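Open the model in your viewer and follow the stops below. Each one says what to select and what is there.

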Amino acid sequence: RSDLPTYNMDEVQDHCNIEKRIWVTYGIGVYDITDFIAKHPGGDNIMLGAGSAIDPFWAIYQQHNNKEILTLLEFYRIGNLSPDDTISTDDMGSPWANEPKRHPVLRPASTRPFNGEPPLKLLVQNFITPNEFFYVRNHLPVPFIEVNKYELEIAIETTKSGTKEQIKTLTLQDIKGLPKYTVTAAIMCGGNRRSEMTKVKSVKGLSWNAGAVGNATWSGARLRDLLLEMGVKPNENLHVVLEGADLDPTSHPYGASIPLSKALDERGDVILAYEMNGKTLSRDHGYPLRCIVPGNVGARNVKWLTRIAVSEAESNSHWQQSDYKGFSPSTDWDTVDFTKSPAIQAMPVTSAICSPSEGEVLKIPADGYLTIHGYAWSGGGRRIVRVDLTADQGKTWHVAKIQQEDQPDGRHYGWSLWTGRIKMETTSTGEVEIWAKAVDSAYNVQPETFENIWNLRGVLANAYHRIKIKII
Ligand code: MTE
Ligand code: MO
């Protein structure tokens with residue numbers, strides 16, 4: 001690219017707003033990205049790099065480091081950076097130096113940050129997912145927290161409705177001193193099953209299979225107890241903002257919020273958890289303390305919790321405001337307006353076939369029955385009441401047998417495992433398609449296809465689960 005002009009860093013820095021156009025550098029390249037800004041899947045975050053080097057951002061947001069994106073960037077190339085001004089990425093220190101070890105069964109959807117899910121067959125072998133096999137979804141490097149220095153700040157912000165400002169700081173010991181409460185809850189990423197939706201038309205996001213979910217018992221203090229003790233009164237207009245210790249390159253923490261009504265609801269079962277399945281939380285799952293918001297999308301279950309605030313506004317984090325929201329199938333990156341959709345909270349009903357696997361080749365046993373295993377779950381505490389299976393495109397449906405906890409509806413936060421048996425023609429061989437759909441206690445049922453629920457971020461991907469197997 002020696003045919004292009006050379007610029008120095010001062011010239012680049014001068015191009016840091018839309019009027020003057022927006023330039024950035026990456027390595028020795030200078031790029032004018034003005035026309036790309038509106039299309040950036042990460043939203044406004046891109047402006048953090050305006051007029052400067054984006055290398056340090058990409059060192060953290062490593063999803064950028066792929067051929068597709070580098071090619072896209074090259075399209076905006078306008079010149080080369082003067083050799084005196086090139087910065088070395090070696091100097092930055094690695095934020096990844098402290099990553100914990102992961103069990104090799106977790107198939108990485110990305111390695112930096114680490115995101116991984118277990119094979120589906122393994123996932124449904126246990127009603128309670130073993131900690132090591134529980135999917136991991138990190139947006140940033142895992143923070144290193146020294147537990148004897150750990151503090152949680154709880155702030156009640158001043159509000160129009162008269163709430164008085166209050167700040168309280170708690171150690172882990174303080175939190176463990178509160179009544180301990182245990183809840184079984186499945187956590188599911190908003191992007192679970194995205195890889196199926198993306199087959200309709202490509203979406204932006206990690207290509208999760210159906211394993212970005214796990215079911216665990218979580219123990220800790222109830223957020224409700226803490227807030228009531230601080231005198232917080234029910235108020236439909238307030239939110240509880242949750243912040244993690246994991247920081248982005250501009251030192252903003254991962255954050256999310258939930259409605260105060262969910263936090264105060266006795267049946268909401270929101271807890272500040274320090275144990276997962278009776279063991280100390282692991283670093284990947286939020287050590288020493290994370291919020292568990294049963295029934296809500298994974299993204300609100302903030303890990304490495306450092307601050308909780310009762311506030312008039314939702315979290316201003318990127319992940320609350322400009323991500324984890326649903327849109328119409330006709331909304332694209334040119335027309336999307338993230339202020340127009342509410343943040344996902346309670347998740348819709350879904351299910352997945354976990355055994356046999358997609359593409360598996362198998363023989364029908366002598367009794368003629370094909371046995372199928374999977375999971376089903378619905379948000380908002382809605383219990384799964386039925387799972388239907390078909391091996392003939394819906395001409396005949398078979399009701400699966402469900403295994404679940406005996407919890408009241410509205411407070412049924414764990415998942416359900418199910419087993420179905422379908423009588424097959426023993427003489428029939430060749431490709432067979434199996435579909436599963438679950439029904440929850442409000443008689444919500446999964447949509448038939450992904451076409452009509454497609455959305456540009458690939459979230460809420462809950463259409464019928466369909467797999468093809470081959471019978472020999
Ligand atoms: N909390 C912090 N601090 N940082 C994160 O990146 N990821 C969220 C949520 N809490 C995240 C977080 C998302 S999107 C999901 S799906 C869940 O954590 C995943 O929890 P797990 O990794 O324990 O499975
Ligand atoms: Mo997620």
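**First stop: a strand pair**

Select E13 and E14: they pair in the antiparallel sense, over six bridges. This is a predicted model. Now pick Leu-247, and look across to Pro-253 in E14, which stands opposite.

**Widen to the sheet**

Five strands make up an open sheet, ordered E10-E9-E18-E13-E14, with mixed pairing. Go to the edges next: strand E10 (166-170) and strand E14 (253-259) each have a single partner strand, so one side of each is left without a neighbour in the sheet.

**Ligand 1**

Centre on ligand 1 and show the 19 residues around it. Which of them come nearest? They are His-139, Cys-189, Gly-244, Tyr-254 and Gly-298. Colour by element: strand E8 (136-137) and strand E13 (239-247) are the elements that give two or more residues to this shell. Then colour by class. Ten residues of the shell are nonpolar, six are polar and three are charged.

**Follow E8 to another sheet**

Select E6, E7 and E8. These three strands form an open sheet in that order, and the pairing is antiparallel. Strand E6 (107-110) and E8 stand at the edges; each has a single partner strand, so one side of each is left without a neighbour in the sheet.

Last, zoom in on E6 and strand E7 (residues 115-117). Three bridges join these antiparallel strands. Pick Pro-108: its bridge partner in E7 is Gly-116.

Methods:
Residues are numbered from 1 along each chain as its sequence is written. Chains are lettered from A and ligands numbered from 1 in the order in which they are written. This is a predicted model: local features need pLDDT of at least 70, side-chain atom pairs count only at pLDDT 80 or more; totals for chains, interfaces and linings use all residues. A residue is near a molecule or strand if its C-beta atom, placed from the backbone, lies within 6 Å of it. Helices (H or I, at least four residues) and strands (E, at least two) are DSSP runs, numbered from the N terminus. Ala, Val, Leu, Ile, Met, Phe, Trp, Tyr, Cys and Pro count as nonpolar, Asp, Glu, Lys and Arg as charged, and the others, Gly among them, as polar. Two strands pair if DSSP finds at least two bridges between them.
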